[in-house]
Amino acid sequence: MSEITRHSYDVVVIGAGGAGLRAAIEARQQGKKTAIISKSLFGKAHTVMAEGGAAAALGNVNSDDHWQVHFRDTIRGGKFLNDPRMAELHAQEAPQRILELEYWGALFDRTKDGRISQRNFGGHEYPRLAHVGDRTGLELIRTLQQRVVQLQQADAAEFGHPESMLKVYAETTITELLKDGDRIAGAFGYIRETGDFVLFEAPAVILATGGIGKSFKVTSNSWEYTGDGHALALRAGATLLNMEFVQFHPTGMVWPPSVKGILVTESVRGDGGVLRNSEGERFMFRYVPDVFRSQYAETEEEADGWYTAPAEHRRPPELLPRDEVARAINTEVKEGRGSPHGGVFLDVSTRLPAEEITRRLPSMYHQFRELADVDITAEPMEVGPTCHYVMGGIEVDADTGAALVPGLFAAGEVAGGMHGSNRLGGNSLSDLLVFGRRCGLGAAAYLDELGDARPAVAEAEIRRAQEEVRAPLERKTGEDPYALHQEIQQTMNDLVGIIRRGPEIEQALESLDKLRERAAGVRAEGGTIYNPGWHLALDLPNMLLVSEAIARAALERTESRGGHTRDDYPAMSPEWRRINLVTYLREGRVDQRRQPLAPLRPDLMELFEREELAKYLTDEELSGTERTGASVDPDGHGGPTEEAASAKEDES
Amino acid sequence: MTTKRTFRVWRGSGEGELVHYEVEVNEGEVVLDVLHRLQATQVPDLAVRWNCKAGKCGSCSVEINGRPRLSCMTRMSTFEPEEPITITPMRTFPVIRDLVCDVSFNYQKAREIPSFTPDPGTEPGDFRMAQADVERSQEFRKCIECFLCQNVCHVIRDHEENKEHFSGPRYLIRVTELEMHPEDTADRRTISQEEFGLGYCNITKCCTEVCPEHIKITDNGLIPLKERVADRKYDPLVWLGSKIGLRKGADTPIAPNTRKPSSAPEQ
Ligand SMILES: Cc1cc2nc3c(=O)[nH]c(=O)nc-3n(C[C@H](O)[C@H](O)[C@H](O)COP(=O)(O)OP(=O)(O)OC[C@H]3O[C@@H](n4cnc5c(N)ncnc54)[C@H](O)[C@@H]3O)c2cc1C
Ligand code: SF4
Ligand code: SF4
Ligand code: FES
């Protein structure tokens with residue numbers, strides 16, 4: 001058996017995307033000895049792919065923008081299911097986080113008066129996304145990466161070694177969190193390059209592992225997105241919130257097959273691009289739902305006027321929140337008005353001069369030219385929905401990022417609550433910064449409170465973790481991980497995809513059950529050094545666990561809202577709006593309970609017209625007599641536990 | 001449309017060899033798709049580094065028929081129908097296994113460069129910069145750190161001995177980027193010559209040719225940096241300053257204790 005290398009840290013951050021790096025920077029700035037662990041190389045985490053921008057109410061382009069407006073947009077986008085405290089902190093703190101990035105060297109695109117420029121995006125009332133062309137994620141990750149290096153340089157000057165207080169463990173995968181009693185004590189994993197096993201002993205672990213998209217066949221996500229953090233948290237005894245909400249981005253590439261799912265940024269629409277069906281119709285006008293009717297244009301003329309004079313015109317319907325646009329495209333294709341390769345047309349070529357397109361959307365231009373032989377300055381793109389983001393995630397305390405397990409924290413896409421049932425574009429990058437920092441602070445405060453009472457990892461636990469990881473390599477027979485992965489992806493795509501039906505979800509759960517049994521006997525050929533087949537074999541249980549959580553929650557929530565559309569329950573239900581579905585493990589199996597969502601504070605409630613609230617809230621909530629003894633059980637079974645309800649109350 | 005193609009793929013680590021595979025290729029695919037098919041159907045443990053499969057992360061750099069390229073952005077249709085395709089790891093870095101290299105050299109070099117240094121009298125939110133003034137640095141910040149330019153540069157490609165004294169084009173344009181940042185106050189001109197080896201570069205432009213982000217590494221980065229270094233040498237004020245020990249206009253030194261970090265802390 002390979003040696004196990006041991007390291008001891010104050011804080012271990014799992015994930016080197018925007019959330020993980022920001023958390024690690026904060027933990028180090030608080031004086032904590034910090035490790036950053038990442039499955040990929042430093043600077044290459046999935047955040048690097050983000051294109052459009054980071055939302056923050058800086059008010060640089062339209063000075064009417066304030067955090068309250070951003071908050072309101074976020075809640076609207078999430079269909080009132082967001083954790084209100086998270087949405088509030090996010091809207092308030094995003095501007096500071098963006099300015100801080102600039103102060104660390106980020107170079108955002110500029111306004112005429114030399115400030116950070118901001119662009120329009122779906123669901124945002126004002127131009128709000130700080131951006132760099134269409135490579136904002138790269139700028140964000142590079143700036144944070146360089147900030148880490150800067151802190152290391154300072155440590156080198158002070159302590160003689162750059163890695164004395166902050167070290168990056170690249171291409172290292174955590175397979176298990178270890179506990180001492182009910183508290184976090186460390187994390188176990190393997191190093192790709194050497195095949196060695198590694199143990200991090202640490203009282204505080206921050207999960208920043210991103211999303212789950214690789215459980216779906218058509219996705220914009222990278223290979224890292226196997227839901228590891230969600231699964232690690234569940235196995236460590238933490239809870240997941242509202243896993244049924246999965247965002248399908250309306251515009252992914254549809255052709256050629258090998259690039260199907262790769263993202264076409266929403267900025268194309270923000271900058272004037274329009275959607276048409278095979279009949280040339282700008283169809284989105286037919287899909288403006290009642291709740292948004294008053295804010296969106298009804299004619300092409302009105303919509304086009306908005307780009308130059310937003311105060312006098314209502315917004316183009318192409319800029320509705322993502323769930324609406326994705327469903328509309330899905331319907332157009334299903335009703336036979338799709339493009340040749342099963343999407344719809346997204347056209348910017350007739351809307352902007354060619355040089356403007358290549359300046360504003362350089363990577364899109366590049367991507368279509370290199371991968372699809374399409375010149376977007378001369379012809380339309382073909383696009384269709386692609387699995388993009390998971391709103392569901394680890395249940396955390398808004399202020400500190402603490403999960404229910406002491407010593408465990410989570411930030412970024414892996415955390416839940418912030419985005420409700422649907423995330424607005426641009427709200428993830430700012431979420432990473434705001435809650436990444438808060439997690440770093442939260443972990444540091446936890447450590448200070450802990451003092452010398454450090455938890456310890458039991459040797460038997462370490463041996464067990466190691467045996468589990470080696471198991472696929474030691475089997476003489478067993479199934480091939482690649483084939484199993486494809487079956488999971490197909491199952492989720494077909495049966496728990498963008499439009500869901502009860503019987504299909506049940507079928508998915510049955511398939512997942514069988515797949516889990518088969519995955520338990522999976523075999524990997526070869527050795528421990530950089531062996532992708534083995535790595536995939538170890539990812540499979542995580543994907544299966546997360547897929548089951550999604551499917552179970554999707555079956556349970558008998559309404560349609562945001563990133564969860566039930567064909568058999570098409571309406572949005574005010575009763576369901578008050579409910580968080582919480583996933584946890586009971587004896588190793590996925591189980592769920594209902595828990596009330598914290599109500600909006602009266603001052604935040606006032607940001608909305610009563611008429612709008614009436615579309616979302618129950619009569620009881622509207623009349624202000626909510627909560628006391630209120631039932632949160634819309635269809636009469638399996639209500640939340642008393643305990644959970646009061647725990648939630650304490651928090652708010 | 002599906003065809004069979006011949007792939008010759010480097011297998012092994014220190015010792016290794018090209019192994020021949022016959023593999024299916026479909027219309028519209030890129031080289032990385034084919035490597036994935038090899039993993040799924042013939043060689044499950046074939047080591048390949050990749051992440052985004054969208055040309056954005058710079059992980060999947062290899063040499064394809066001798067040319068340094070991103071495997072996720074190299075379409076199969078760019079090869080002749082019968083042309084065999086040879087895939088080897090980047091030559092300038094030690095091979096870990098199969099197509100995966102140890103690229104830690106690059107992270108080491110990144111750490112030596114003095115970071116962005118704003119005027120200490122400013123604070124977040126103070127900067128006002130015109131688009132025209134940030135654009136030059138923005139070009140270099142498009143870099144996805146694929147290290148293909150590092151791999152192709154002849155100064156280190158077959159000259160292990162130069163690695164200590166030469167940071168490579170990627171990190172020389174990082175220096176240029178910082179030098180051109182409107183709010184940066186450090187002066188890295190002297191160390192770019194003396195520590196980062198700008199003088200080794202003889203402007204062959206091989207780096208620019210392979211850059212998948214089409215950054216004009218030489219024309220917009222290395223040549224202007226060389227000019228600035230020359231200006232620095234002949235600037236009479238700076239010369240006088242260094243003679244009489246004035247702080248202002250002083251050279252910023254290489255970040256201390258970052259080269260060859262010793263395990264025993266100095267101090
Ligand atoms: C194509 C695309 C475009 C997007 N554009 C935008 C946009 O314009 N604006 C916006 O706001 N959002 C955008 N998003 C969403 C946003 O990019 C992501 O939600 C966000 O980057 C997630 O960041 P993160 O820090 O949570 O995780 P990530 O950046 O994904 O990082 C996850 C990290 O965890 C590591 N990790 C995972 N599992 C393990 C493990 N078991 N052990 C060790 N390490 C592990 C990974 O290696 C990685 O370092 C986009 C997403 C995509 C796919
Ligand atoms: S131009 Fe300079 S840096 Fe670029 S490859 Fe040639 S010698 Fe190397
Ligand atoms: S400059 Fe170009 S070739 Fe060099 S690392 Fe950056 S992206 Fe790659
Ligand atoms: S896999 Fe990211 S650039 Fe090729």
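Tutor: A residue counts as buried when its relative accessible area is under 20%. Keep in mind that this is a predicted model.

Student: OK, take A:Ser40. Is it buried or exposed?
Tutor: A:Ser40 has a relative accessible area of 3%, so it is buried.

Student: Where does A:Ser40 lie?
Tutor: In the loop between strand 3 (34-37) and strand 4 (54-55) of chain A.

Student: And what is A:Ser40 in contact with, leaving aside neighbours within four places in sequence?
Tutor: A:Ala45, A:Ala170, A:Glu171, A:Trp223 and A:Glu224, plus B:Asn51 from chain B. A:Glu171 is 131 residues away from A:Ser40 in sequence, but their C-alpha atoms are 4.7 Å apart in space.

Student: Switching to chain B. How many residues of helix 1 are buried?
Tutor: In helix 1 (residues 31-41) of chain B, 9 of the 11 residues are buried. Among them are B:Val31, B:Leu35 and B:Leu38, and also B:Asp33 and B:Arg37.

Student: What covers those buried residues of helix 1 of chain B?
Tutor: The cover includes helix 13 (481-495) and helix 15 (532-556) of chain A. From chain B it includes strand 1 (2-12), strand 2 (16-26), strand 3 (61-64) and strand 5 (85-88).

Student: Those two chain A helices, how are they arranged? At what angle do the axes of helix 13 and helix 15 of chain A cross?
Tutor: They cross at roughly 25 degrees, and the axes come within 9 Å. Angles under 35 degrees count as roughly parallel, and helix 13 and helix 15 of chain A are therefore roughly parallel to each other. The crossing of helix 13 of chain A past helix 15 of chain A is left-handed.

Student: Which residues meet there?
Tutor: From helix 13 of chain A they include A:Leu484, A:Ile488 and A:Met492, and from helix 15 of chain A they include A:Leu536, A:Leu540 and A:Leu544. The residues of this contact divide into 12 nonpolar, 3 polar and no charged.

Student: Now helix 3 and helix 6 of chain B. At what angle do they pack?
Tutor: Helix 3 (residues 131-141) and helix 6 (residues 169-180) of chain B pack at about 160 degrees, with axes 9 Å apart. Helix 3 and helix 6 of chain B are therefore roughly antiparallel. The contact includes B:Asp133, B:Arg136 and B:Phe140 of helix 3 and B:Arg170, B:Ile173 and B:Glu177 of helix 6 of chain B. The contact residues of these two chain B helices divide into 3 nonpolar, 2 polar and 6 charged.

Notes: Residues are numbered from 1 along each chain as its sequence is written. Chains are lettered from A and ligands numbered from 1 in the order in which they are written. This is a predicted model: local features need pLDDT of at least 70, side-chain atom pairs count only at pLDDT 80 or more; totals for chains, interfaces and linings use all residues. Side-chain values use heavy atoms; hydrogens and water are left out. Axes are lines fitted to C-alpha atoms, for helices over the stretch in contact, and angles run from 0 to 180 degrees between N-to-C directions. Helices (H or I, at least four residues) and strands (E, at least two) are DSSP runs, numbered from the N terminus. Angles under 35 degrees count as roughly parallel, over 145 as roughly antiparallel, 65 to 115 as roughly perpendicular and the rest as oblique. Contact means heavy atoms within 4.5 Å. Ala, Val, Leu, Ile, Met, Phe, Trp, Tyr, Cys and Pro count as nonpolar, Asp, Glu, Lys and Arg as charged, and the others, Gly among them, as polar. Buried means under 20% relative accessible area, exposed over 50%, partly exposed in between (1.4 Å probe, protein chains only). A crossing is left-handed if the near helix is turned anticlockwise from the far one by less than a right angle, and right-handed if clockwise.
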